[in-house]
Amino acid sequence: MGLLLGGHTMLTLKVGQKFWLGSAVILVGLLVLSSELLFQQWQRWRNLELSRLDLADFHSAMLAFNAVSAERGPANNRLTAAGRQTESQLQLDQSRRETNLAFDQLEVGLREQSYRFGLAEQFQYARHNLTVARARVDEVATINPGQRQPMTIQSAIDAMFGVINVLRPPINELQTAILQRNPHLTQAILTARVMTELRDYYGRLGSALIVPLNSGSAIDQQRQWTLFHLKGRISQLTEQVDVLIKPYQGGSQRYGINREQLRNGLQTALAMVDKLMTEGLLAGRYSMTAREFTDTYVPNLNMLERYRDRVMLLSQRDVVAATEVALGHLVTSAVLSVVVTVILLLVLWRLNSAVLLPLLRARNELLALASGELKEPPAIPRSYRGEIRQLYVALDILRQELKIRAREEEERAAFNVMLKVQAETDPLTGLFNRRTLEIAGRRLADYTMDDRVGLILLDIDCFKRVNDDHGHLAGDEVLKEVARRLRQRVPASMTLARYGGEEFAILCDDAGKDTLLKLADVLRLVIASVPIDLLKDVSLTVTASAGVAMKRADLRTWHDLFAEADRALYQAKAKGRNCVVIAELEQTV
């Protein structure tokens, strides 16, 4: 019979091992396939999400770059305006607010991408240069218009140009990083960049005429060379724009880019510059002022900004749409993986219930009870009948009996904890009581010679008068409020106790004399600094005296240390109260 039972057990174990081994192989294979599919979907979604963030960051960088370039127009008007010129100053202030907003948005985007911390620092440096350039513009604008020298005005204009030069390196670095990771964004990135550069060079071209227009002087040879150089660069960038915007024009109305309209606006701006250059080369008699030139010239460049923003925004929409599709595929794949896994698990569970013997479950429950696990098991299956059901009923009776015993043990332990708290704690203040303090004090003072062990005894001055004048309930309120203030200030590493009556004690095992003396004085000030609200809308200011003692060779026991602190407290009382005295030195605070 024993051999038969032993053989049956071995057979059961082997069947169970084979079942779980086969189930594990199936599950692992399913998980591997699902994980590979999900990883591919997640990788595509993640790449598209990063592309969206890259486009947003680059667009913000272009807006900041363009804002600085566009700010030169109102700055030029302010530099050439007569007197305070409130209108030109308001235009400049509005332009500066827009530039600041563009930089704020850029910095937020770069902070969200932690790997671009170095770029964020470079853009912050460019913003610092912008602040310096603005200060130079404001400084020149304060000069009397008749006393503004052309070189002075040119220095302010050059300062604004310098900001653009500082902005270019981080933008180039950002552009290179984005294109390396997102080659499919090349068309949108390059189109936006070239349009922004073209807008900046048109701005530089216009700014180069501001000084001669303002002073009414002829264009010197150096400025002529600068103007011809800028026009050459503009010609190159215009050719690049013509090529880059081809995918965004023609039959598609989505981007709405009209190549001829853009070209006409830019040619109008160039014609104005050519006319003024001709006038400046002849006699310096110009047909318009610097303000009139700026107000007429700048609107012709706005179309570049609108088309650039449209390209960037619609490209971002395309990426967002692709991201949403990828996310949908990812979610669908995840749901399908979960559904298939759940179905497989249900099948395995059904096979498990049909293959493994009920006695194995009973054995597991019995082992769980022996280990103290008393949670309710699943209901007994209806297929379990006769003696098997009786076995589970017996297990349930045993479980309930063990639960009763465990509950009794928990109640006993809770009662012991409550007794321990009552034995260690002062019921009025919630602090440790005298018994707890003395146990801790004997452990420290009687068995160690560490001179960093110290004791503070603190006594409320004239407390009897509080009880006599206001009643014992008011006295209890004072004690509770003092205890609350002490608890807020005494470090958790120290033992704070109510020693008795109106006397409190602070025991420390690792503090120097200066630390304890300072703590005692802080506690004294905390008690006396704010009146205590009593019953019936009455406030009372109380003070306290403190004695401090440190462990030393002649203080061998807790009793000696306490007596020394008590003596110092007595001296504090004798010296007029509301002070701190440290034993041995008799130093009063």
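Which residue forms a salt bridge with D309, and how far apart are the closest N and O atoms? The partner is R308, with the closest N and O atoms 2.9 Å apart; the points below take up this pair and other features.

1. Basis of the note. This is a predicted model, in which local features need pLDDT of at least 70 and side-chain atom pairs count only at pLDDT 80 or more, whereas totals for chains, interfaces and linings use all residues. Residues are numbered from 1 along each chain as its sequence is written, and side-chain values use heavy atoms, with hydrogens and water left out.

2. Salt bridges. A search of the whole structure finds 33 salt bridges, the term being used for a side-chain nitrogen of Lys or Arg within 4 Å of a carboxyl oxygen of Asp or Glu.

3. A pair within helix 5. Because they are 4 residues apart in helix 5, about one helical turn separates D200 from R204; helices (H or I, at least four residues) and strands (E, at least two) are DSSP runs, numbered from the N terminus. Both D200 and R204 are buried.

4. A pair between two helices. R263 forms a salt bridge with D242, the closest N and O atoms being 3.4 Å apart. This pair links distant parts of the chain, with R263 in helix 8 (residues 259–282) and D242 in helix 7 (residues 221–244), 21 residues apart. R263 is partly exposed, because its relative accessibility is 27%, whereas D242 is buried, with a relative accessible area of 16%.

5. Cavity. A search of the whole structure finds 1 cavity of 30 Å³ or more, a cavity being a set of points, on a 1 Å grid over the protein atoms alone, where a 1.4 Å probe fits but cannot get out, with lining residues having an atom within 4 Å of a point. The largest cavity has a volume of about 120 Å³ and is lined by 15 residues, of which G73, N76, G203, S207 and V298 lie nearest its centre. The elements that give two or more residues to this lining are helix 1 (2–80), helix 5 (186–207) and helix 9 (290–297), and helix 1 gives the most, with 5 residues.

6. Nonpolar patch. L327, V331, V335, V339, I343 and V347 make a nonpolar surface patch of about 480 Å²; such a patch is made of residues with over 30% relative accessible area and no salt bridge, nonpolar side chains (Val, Leu, Ile, Met, Phe, Trp, Tyr) being joined within 5 Å. Within this group, V339 lies in helix 10 (residues 302–355) and is partly exposed, with a relative accessible area of 41%.

7. Backbone points to check. Phi of R577 is near 70° and phi of N578 is near 50°, each a positive value in a residue other than glycine. R577 is placed in the loop between helix 17 (558–574) and strand 7 (580–582), and N578 is found in the loop between helix 17 and strand 7. R577 counts as partly exposed at 39% relative accessibility, and N578 is partly exposed with a relative accessible area of 29%.

Notes
Patch = residues over 30% accessible without salt bridge, like charges linked within 9 Å, V, L, I, M, F, W, Y side chains within 5 Å. Areas by Shrake-Rupley, 256 points an atom, 1.4 Å probe, with all protein chains shown as cover. Buried < 20%, exposed > 50% of the residue type's maximum accessible area, 1.4 Å probe, protein only. 1 Å grid on protein atoms, 1.4 Å probe; cavity = no way out; pocket = protein on both sides within 12 Å on 5 of 7 lines; lining within 4 Å. Points joined across faces, edges and corners; volume = space filled by probe spheres on them.
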